[in-house]
Amino acid sequence: MQPRNMSMSGVVDLAAVKAAQEAKAKAEQARAQAAQQGGGGAVSPADLVIDADEAGFERDVLQRSTEVPVVIDFWAEWCEPCKQLSPVLERLAVEYNGRFVLAKIDVDANQMLMQQFGVQGIPAVFAVVAGQALPLFQGAAPESQIRSTLDQLVQVAEERFGLTGLAVDPEADPAAAAQQAPAAPAGPHDAALEAAVQALDAGDLAGAVRAYQNVLSDEPGNMEAKLGLAQAELLQRVQDADPQRVRQDAAEKPDDVQAQIAAADLDLVGGHVEDAFGRLIDTVRRTAGDDRDAVRVRLLELFEVVGADDPRVTAARRALARALF
């Protein structure tokens with residue numbers, strides 16, 4: 001499962017055959033012109049992470065996207081999840097060695113760009129490929145999921161638009177590169193987080209749950225561990241479920257709390273976020289006491305999976321408050 005619209009379906013939609021061919025042709029023409037003008041040489045690792053704004057957006061993002069995918073990180077100084085996500089994106093930009101460029105946009109200073117991209121909450125991550133914009137994901141996310149999305153982006157950019165990235169000179173200004181995209185500081189829980197990601201990749205959900213719980217027992221505010229635990233527990237709950245039976249039970253027993261909770265889990269895993277939230281909020285309205293509390297707790301857990309900054313979570317929180325009070 002990929003949380004919070006973290007998929008490349010938008011790229012596939014954008015890359016209808018005719019549109020892809022036109023965009024690829026424009027990208028190739030732009031690269032040829034740059035080569036004739038003496039551009040297209042190797043760049044420094046420091047050039048892989050840039051600050052972009054409204055004044056230079058066409059040059060720094062749109063034109064650059066004809067040579068390499070540009071990933072846009074919408075952030076703000078006051079945004080705590082941004083402080084978790086941005087260093088990861090910066091480190092990955094250098095690690096991917098020119099296969100994409102990261103453009104950081106401060107939403108407080110660039111409100112027009114925020115509106116044009118339809119950003120509803122931050123952090124929000126988009127990409128521009130051959131002049132075409134597409135959403136990637138919103139909110140903090142585990143590094144394994146970010147890597148998966150970036151891998152898909154790079155693959156689509158190359159196959160659909162012929163963008164193979166930039167040549168990077170590893171000897172060019174290494175001090176600036178280190179300053180521009182510092183590695184995430186090693187912490188006491190790095191090994192446990194890595195073990196959790198490896199367990200998830202291997203399908204060992206119980207092991208992933210234990211690893212994330214170990215981190216949170218010492219560091220309750222660790223955002224990556226919180227999100228990872230919520231995802232692992234959700235996947236663990238549904239892995240042995242019979243979807244047909246679960247949905248039949250939910251339809252036949254609208255007042256059965258556990259049946260509705262189980263169906264909501266399946267809704268979320270299937271990407272039907274609003275359906276999952278709506279089902280549980282309706283159940284809250286029909287229940288009381290311990291049953292109502294059980295539904296409320298599960299709904300809060302699903303909020304963790306989707307991400308607190310997702311607009312669907314914001315709307316569901318308001319609806320939950322109305323149902324409770």
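Me: Why does Asn97 count as partly exposed?

Reply: Asn97 has a relative accessibility of 44%. Buried means under 20% relative accessible area, exposed over 50%, and partly exposed in between (1.4 Å probe, protein chains only). Asn97 is therefore partly exposed. This is a predicted model, in which local features need pLDDT of at least 70 and side-chain atom pairs count only at pLDDT 80 or more, while totals for chains, interfaces and linings use all residues. Residues are numbered from 1 along each chain as its sequence is written, and side-chain values use heavy atoms, with hydrogens and water left out.

Me: What makes the phi of Asn97 worth a note, and where does the residue lie?

Reply: Phi of Asn97 is near 55°, a positive value in a residue other than glycine. Asn97 lies in the loop between helix H4 (80-95) and strand S3 (101-106). Helices (H or I, at least four residues) and strands (E, at least two) are DSSP runs numbered from the N terminus; the protein has 15 helices and 5 strands.

Me: Is Ala130 buried or exposed, and how do you know?

Reply: The relative accessible area of Ala130 is 13%, so Ala130 is buried. Ala130 also has a positive phi of about 50° although it is not a glycine, and is found in the loop between S4 and S5. That hairpin has 2 residues between the strands.

Me: What makes strands S4 and S5 a pair?

Reply: Two strands pair if DSSP finds at least two bridges between them. Strand S4 (residues 124-129) and S5 have 6 bridges, in the antiparallel sense. In one of these strands, S5, Leu134 is the bridge partner of Ala127.

Me: Why is S5 described as largely enclosed by the rest of the structure?

Reply: Strand S5 (residues 132-138) has 7 residues, and 5 of them are buried, so the description holds. For the protein as a whole, 47% of the 325 residues count as buried.

Me: What joins Ile122 and Pro123?

Reply: A cis peptide bond, with omega about 0°. Pro123 is in the loop between helix H5 (111-116) and S4.

Me: Why are H10 and H14 called oblique?

Reply: Helix H10 (residues 223-238) and helix H14 (residues 289-306) have axes that come within 8 Å and cross at roughly 120°. Axes are lines fitted to C-alpha atoms (for helices over the stretch in contact), with angles from 0 to 180 degrees between N-to-C directions. Angles under 35 degrees count as roughly parallel, over 145 as roughly antiparallel, 65 to 115 as roughly perpendicular and the rest as oblique. H10 and H14 are therefore oblique to each other.

Me: Which residues of H10 and H14 meet, and to what classes do they belong?

Reply: Contact means heavy atoms within 4.5 Å. In H10, Lys226, Leu227, Ala230, Gln231, Leu234 and Arg237 meet Arg298, Glu301, Leu302, Glu304 and Val305 of H14. The residues of this contact divide into 5 nonpolar, 1 polar and 5 charged (Ala, Val, Leu, Ile, Met, Phe, Trp, Tyr, Cys and Pro count as nonpolar, Asp, Glu, Lys and Arg as charged, and the others, Gly among them, as polar).

Me: How do you know how H12 and H14 are oriented to each other?

Reply: Helix H12 (residues 257-269) and H14 pack at an angle of about 10°, with their axes 10 Å apart. H12 and H14 are therefore roughly parallel to each other. Val257, Ile261, Ala264, Asp265 and Leu268 in H12 meet H14 residues including Ala294, Arg298 and Leu302. The contact has 9 nonpolar, no polar and 3 charged residues.
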